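Student: Hi! Could you walk me through this one?
Tutor: Happy to, here it is.

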Amino acid sequence: MAQLTVDIGGRAGLDCRGFCEYCYFKRVKATRAFGCRHCLPFAKGCDYCTKGVREEYAGFKDLRTIAQDTLAALQTKTGDLDRITISGGGDPSCYPQFTDLVELLGATEAPLHIGYTSGKGWDDPKIADLLVENGLTECSFTVFAADPALRKRWMHDPTPEASLEILERLCGAADVYAAAVVLPGINDGEVLEHTCSWLEERGAKGLILMRFANTTQQGLILENAPVIKGQVVQSTESFRDMVSDLSHMYKMKISGTPLWDPAIGSPFAILHEPHLLKKLPRVQRRASVISGSVAAPFINAILSARGATVPVIPVEKEIACLITEDDLREIDCSILEPVIIIPGRAFVHDTEAQKIASRDGTTRTVIRGPDQLTADAETSMGMTKKEVLALEMDGISNLIWCINHYGT
């Protein structure tokens, strides 16, 4: 079985009928190069940690180019094609030749999947029929709220009634996973409950709730904070409790990011599986493991259960893969071991990390750990518990291997 991703290109905010009011990319500035795992040892900055992180892409690709790229990719695949995913920097619903694109891909007779859409580009409900006729089997659709007035105000959707009708039709014919950034006081509380009921009644498979971020600590590293001045932000604990409560109220799957997936128990579902914890390697050496403030307590509990005696060090940044040099500079060098393990996807240049960790005159070695230790809600929504636990077993085993191989 083979899968194919069709990249249609596009730019955030420009090829999506304008930024949503809460969009993280709305105030992005041309920040310095962060440095990352892809950079050369002697050069800080690459496409990934400069243009990629800001989603600085060209506009939508021409249909002819997409067709040629798709044909070339198909020729490299062996076996039956079990999924074609449409994705891009812009919103697929705003692609000017969307009808032709869908018909082109539908001719392959492979199941179609739209990785993300806001629906803002669709003004005619008949587009839902076109999608279903051409093999759409799965779609991730940002709903924000089932109230068209709120969609219009906060998503700047010019035809919210049509978008919601399309969503309704798709829910009845395909696996639809809705998504909503939660703005306290705007689309939470009774509004959110109405949205959940509306989606469940129409057959949505699930709803992913995303906690709104408004500060650098919460992940806005592109000098784009605040996105909405004065907007209240939930604590991770309050957000997790909200997700849990809603999950008990509805039959469809409801999960949240950064916390949590109640049906699976992730992130770090392995903590609830003692027999699997015992299968992880023992920690036999010492190293300082650095992580974000959300993941650090979970990782510390797992490593401690496997014999680690060095506490995991949390930085103020909540999300580990968004850690930057600034976060490393805030750590007191006196608590660091000779070997330091940072998240694999942290936005830090390796050479610079080494300098920062050794700035007190003690030479320390910095190692990148695994790219992924668990699955957040956006990943786990389409996974089984067994698949999530397998991912965690692999990632955490690799982390322990790093400690035992490089540690002291």
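Tutor: Some terms to begin with: on a 1 Å grid over the protein atoms alone, a cavity is a set of points where a 1.4 Å probe fits but cannot get out, while a pocket is an open set with protein on both sides within 12 Å along at least five of seven lines; lining residues have an atom within 4 Å of a point. Points are joined across faces, edges and corners, and a volume is the space filled by probe spheres set on them. This is a predicted model, where local features need pLDDT of at least 70 and side-chain atom pairs count only at pLDDT 80 or more, while totals for chains, interfaces and linings use all residues. Residues are numbered from 1 along each chain as its sequence is written, and side-chain values use heavy atoms, leaving out hydrogens and water.

Student: OK, how many cavities of 30 Å³ or more does the structure hold?
Tutor: Two. The largest cavity has about 70 Å³ of space, and its lining includes Ile 290, Leu 328, Ala 353 and Arg 359.

Student: Switching topic, how is the chain divided?
Tutor: Into domain 1 (2-257) and domain 2 (269-406), with bounds that come from an automatic or database domain assignment. Their centres, taken over C-alpha atoms, are 29 Å apart.

Student: And what area is buried between domain 1 and domain 2?
Tutor: About 2100 Å², with carbon and sulfur atoms giving 57%. Buried area is the accessible area (1.4 Å probe) that two parts lose on being put together, summed over both.

Student: Why does the second largest pocket lie between the domains?
Tutor: Because domain 1 and domain 2 both give residues to its lining. The second largest pocket has a volume of about 210 Å³. Its lining has 14 residues, and those nearest the centre are Thr 216, Ile 221, Lys 317, Thr 324 and Asp 326.
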